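I opened the notebook to look up how this chain packs.

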Amino acid sequence: MTDHRPCIECGCVTPDLVTGERIYPHRKDLYELKFWLCPCGAYCGCHPGTEEPLGATAGKETRNARSYVHRVLDPLWKTIPPQYSGKGKLEPHQLKSMMRRRVYRYLAAEMGISPDDCHTGMFTIEQCRQAYAILRKTTYTDVRRWVKEQQKREKA
Ligand SMILES: [Zn+2]
């Protein structure tokens, strides 16, 4: 039995496990994928190759809102600013994964939530709006400055 977070839309915790054929009937390439489908029509995907849900089931509006968050969030860690590239000891993919962790930690702190809950797949529409408002005026330099201040505080 998989533990489910309550559906974002209706609070139900007993979604059905279905395949991509049910969710995306016009996408044969997604038929193999597994999804959790709530009786209300909200759904979420699974971690690749597992039945482990990616967050909580959500309806169309929430999924759209999450994709807006990704539009401002992903460039923050997927694009290495020139001033940080090629200077440290990290390979670009290591640098990006560090940047990603930092960006999510920063966002969690700004939103006042635990880093464990800071995944777009778990966000409600309200949290998406909050995240979007924070991230659209954030640069990686802001995130980096925040991380350095945190580190200084931890040492003090
Ligand atoms: Zn539901």
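I counted two residues as in contact if their C-beta atoms, placed from the backbone, lie within 7 Å. I kept in mind that this is a predicted model.

**Entry: α3 against α5**

I used that cut-off on α3 and α5. From α3, the residues Met99, Arg102, Val103 and Tyr106 take part. In α5 they meet Tyr140, Val143, Arg144, Trp146 and Val147. I sorted these contact residues by class and got seven nonpolar, no polar and two charged.

Next I looked up the geometry. Helix α5 covers residues 140-155, and its axis comes within 10 Å of the α3 axis. The two axes cross at roughly 80 degrees. Angles of 65 to 115 degrees count as roughly perpendicular, so I noted α3 and α5 as roughly perpendicular to each other.

**Entry: α2 against α3**

I then turned to α2 (residues 60-78) and α3 (residues 92-111). Their axes come within 8 Å and cross at roughly 135 degrees. I therefore logged α2 and α3 as oblique to each other.

Which residues of α2 meet α3? I found Leu73, Leu76, Trp77 and Lys78 on the α2 side. Their partners in α3 are Lys96, Met99, Arg100 and Val103. By class, this contact has five nonpolar, no polar and three charged residues.

I saw Met99 and Val103 in both lists: they meet residues of α2 and also residues of α5.

**Entry: the cores**

I looked up the largest nonpolar core and found 14 residues in it. Val69, Val103, Leu107 and Ala131 touch the most other members. The elements that give this core two or more residues are α2, α3 and α4 (125-135).

I followed up on Ala131. Leaving out residues up to four places away in sequence, Ala131 touches Val69, Leu107, Met111 and Phe123.

Another core lies apart from the largest one. I counted 10 residues there, among them Phe35, Trp36, Tyr43 and Cys44.

**Entry: the domains**

Last, I checked the domain assignment. The protein chain is given domain 1 (1-58) and domain 2 (60-155). How far apart do the C-alpha centres of the two domains lie? I read 26 Å.

The contact between the domains takes seven residues from domain 1 and six residues from domain 2. I sorted the domain 1 side that touches domain 2 and found five nonpolar, one polar and one charged residues.

Definitions and conventions: Residues numbered from 1 in each chain as written. Predicted model: local features only at pLDDT ≥ 70, side-chain atom pairs only at ≥ 80, totals over all residues. Domains from an automatic or database assignment. Nonpolar A, V, L, I, M, F, W, Y, C, P; charged D, E, K, R; others polar. Axes fitted to C-alpha atoms, helices over the stretch in contact; angles between N-to-C directions. Helix = DSSP H or I, 4+ residues; strand = E, 2+ residues; numbered from the N terminus. Parallel < 35°, antiparallel > 145°, perpendicular 65-115°, else oblique. Core = buried A, V, L, I, M, F, W, Y, C linked by C-beta atoms within 7 Å. Buried ≥ 20, exposed ≤ 12 C-beta atoms within 10 Å, placed from the backbone.
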